[in-house]
Amino acid sequence: MKETPISTCEKNFLLEALWEGKRLDGRGWLDSRDFEITYGLDWGSVQVLLGKTRVLAQVSCQVVEPMFTRPNEGILHVNVELTSLAAPRFDGGRSSEEGVELGRLLERTLKESRCLDLESLCIVSEEKVWQIRLDLSILNHEGNLFDASSVAGLCALCHFRRPDVTLKGDVVTVHPLSERDPVPLGIHHHPVTTTFAMFEFQSGDTLTVIDPSRIEEEAMMGKMVLGVNGYREICTLHLAGQVLVDKNLVLRLANTAAEKSKKLVEKIKNSLVKDEETRKNKGARGFAAKIRNNSILQNSAPRSTFDFTKVNPMARSVVKNSKEPAVDESKISKEGDVVDIVPEDMEEDEVEDVEGEEDESGSSEDSECEVTAVKTKDQILKEKIKDHIDLDDSEEEETVTLESI
């Protein structure tokens with residue numbers, strides 16, 4: 001199924017808004033969306049949200065024979081699955097260009113950067129090693145799959161635990177998780193990617209925005225993906241498109257990516273520590289717990305304790321130091337059923353003058369209306385009826401005849 005391509009009007013509107021420093025979702029040129037990392041119940045199961053882009057990562061392992069060229073190292077295999085669930089243009093049974101490009105970029109970022117200690121995965125040299133398989137499933141595509149997939153893959157590798165292995169002679173024993181605690185993978189550094197979308201205007205100027213959305217990716221003329229770790233070291237540089245890039249632009253974008261990667265790596269480490277504490281405390285964890293916490297029916301506000309020991313002394317001190325309210329002396333006058341309360345500052349003469357003026361105004365209004373005559377209802381009706389119509393006997397008979405018919 002093919003998606004509807006972006007129209008010329010939408011593209012022109014997007015370019016004009018970007019030129020004015022505005023984006024369709026309200027962000028600036030260098031503002032990226034927030035990452036939301038959720039760990040599953042199993043080791044190595046991670047779900048990452050980047051805006052509305054959703055990626056699920058799962059790590060598994062098995063014992064295999066090593067490669068002939070690297071007999072003392074384990075194997076890291078990255079598999080990316082793009083299905084129609086993420087976007088209508090993806091076909092699950094075929095490998096698209098975007099899927100191949102994403103898989104190769106992740107292998108360069110995670111495998112060729114040597115962030116994973118592959119030598120620690122060796123069990124018996126030239127005979128048995130661990131093969132780590134990283135499966136990435138794109139659940140929803142709303143732009144910037146590179147950054148979301150790299151963060152999901154890195155979090156899954158850091159979160160994964162492999163079974164412990166013992167070697168006695170030529171016998172290799174893989175202990176289940178119920179017998180021995182699993183062993184984490186050796187991670188040397190944490191590389192994450194940062195994607196920049198490039199737009200070229202008619203004047204020849206090049207504009208770059210970070211973390212492009214889906215509609216911005218359809219309208220962009222080029223892109224640059226930089227993989228940088230927490231030590232500000234560039235691990236990957238991927239450039240595609242038809243935009244000319246100079247040296248100053250690459251250096252500027254590299255500095256921006258380094259600053260973003262440093263903050264993102266700290267967030268990943270904090271999320272791993274938080275998940276470890278939740279597992280030790282046996283708290284609610286996993287994808288189902290995350291959905292329940294986000295529900296409007298779930299009250300997830302933190303509990304707070306109140307200390308009421310200081311309430312009584314503070315209340316007594318307030319009552320003791322408070323001043324008595326001043327009482328206004330007033331005059332009360334009763335006239336029949338009406339009670340008038342006049343403050344002391346107000347003079348009674350003014351009240352009487354006001355009442356006198358009201359009486360005079362009422363009498364003047366009454367004096368304007370005068371009664372000249374009194375008539376009954378019958379007299380008024382007779383005056384309104386000027387001409388009386390007398391009917392002959394013939395007309396009455398005809399009327400009676402008509403009524404009988």
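Which residues does T206 touch, not counting residues up to four places away in sequence? The last of the legends below gives the answer.

**View 1. Overview of the predicted protein.** This is a predicted model, in which local features need pLDDT of at least 70, side-chain atom pairs count only at pLDDT 80 or more, and totals for chains, interfaces and linings use all residues. Residues are numbered from 1 along each chain as its sequence is written, and side-chain values use heavy atoms, with hydrogens and water left out. The secondary structure amounts to 10 helices and 16 strands; these are DSSP runs numbered from the N terminus, helices being H or I with at least four residues and strands being E with at least two. Of the 405 residues in the protein, 33% are buried (buried means under 20% relative accessible area, exposed over 50%, and partly exposed in between, with a 1.4 Å probe and protein chains only). The accessible surface comes to about 27500 Å², and carbon and sulfur atoms account for 50% of this area (Shrake-Rupley method, 1.4 Å probe; for residues, only the protein chains shown count as cover). Among contacts between residues at least 6 apart in sequence, 69% join residues at least 24 apart, where contact means heavy atoms within 4.5 Å.

**View 2. The packing of helices α3 and α5.** Two packed helices are described by the angle between their axes and the distance between the axes. Helix α3 (residues 145-159) packs against helix α5 (residues 247-280) at an angle of about 40 degrees, and their axes are 11 Å apart. That angle makes α3 oblique to α5. Axes are lines fitted to C-alpha atoms, for helices over the stretch in contact, and angles run from 0 to 180 degrees between N-to-C directions. Angles under 35 degrees count as roughly parallel, over 145 as roughly antiparallel, 65 to 115 as roughly perpendicular and the rest as oblique. The contact involves D147, V151, L154, C155, C158 and H159 of α3, together with K260, L264, I268, L272, D275 and R279 of α5. By class, this contact has seven nonpolar, one polar and four charged residues (Ala, Val, Leu, Ile, Met, Phe, Trp, Tyr, Cys and Pro count as nonpolar, Asp, Glu, Lys and Arg as charged, and the others, Gly among them, as polar).

**View 3. D34 and its surroundings.** D34 is found in the loop between α1 (8-19) and β1 (35-39). D34 is exposed, with a relative accessible area of 64%. Leaving aside neighbours within four places in sequence, D34 is in contact with L49, L50 and G51. D34 and L264 are 230 residues apart in sequence, and their C-alpha atoms are 9.8 Å apart in space.

**View 4. Two residues with positive phi.** E126, although not a glycine, has a positive phi of about 65 degrees. E126 is found in the loop between β5 (122-124) and β6 (128-140) and is exposed, with a relative accessible area of 60%. D211, also not a glycine, has a positive phi of about 55 degrees. D211 lies in the loop between β12 and α4 (214-219) and is buried, at a relative accessible area of 0%.

**View 5. T206 in strand β12.** T206 belongs to strand β12 (residues 206-210). At 30% relative accessibility, T206 counts as partly exposed. T206 touches M198, F199, V243, L244 and L249, not counting residues up to four places away in sequence.
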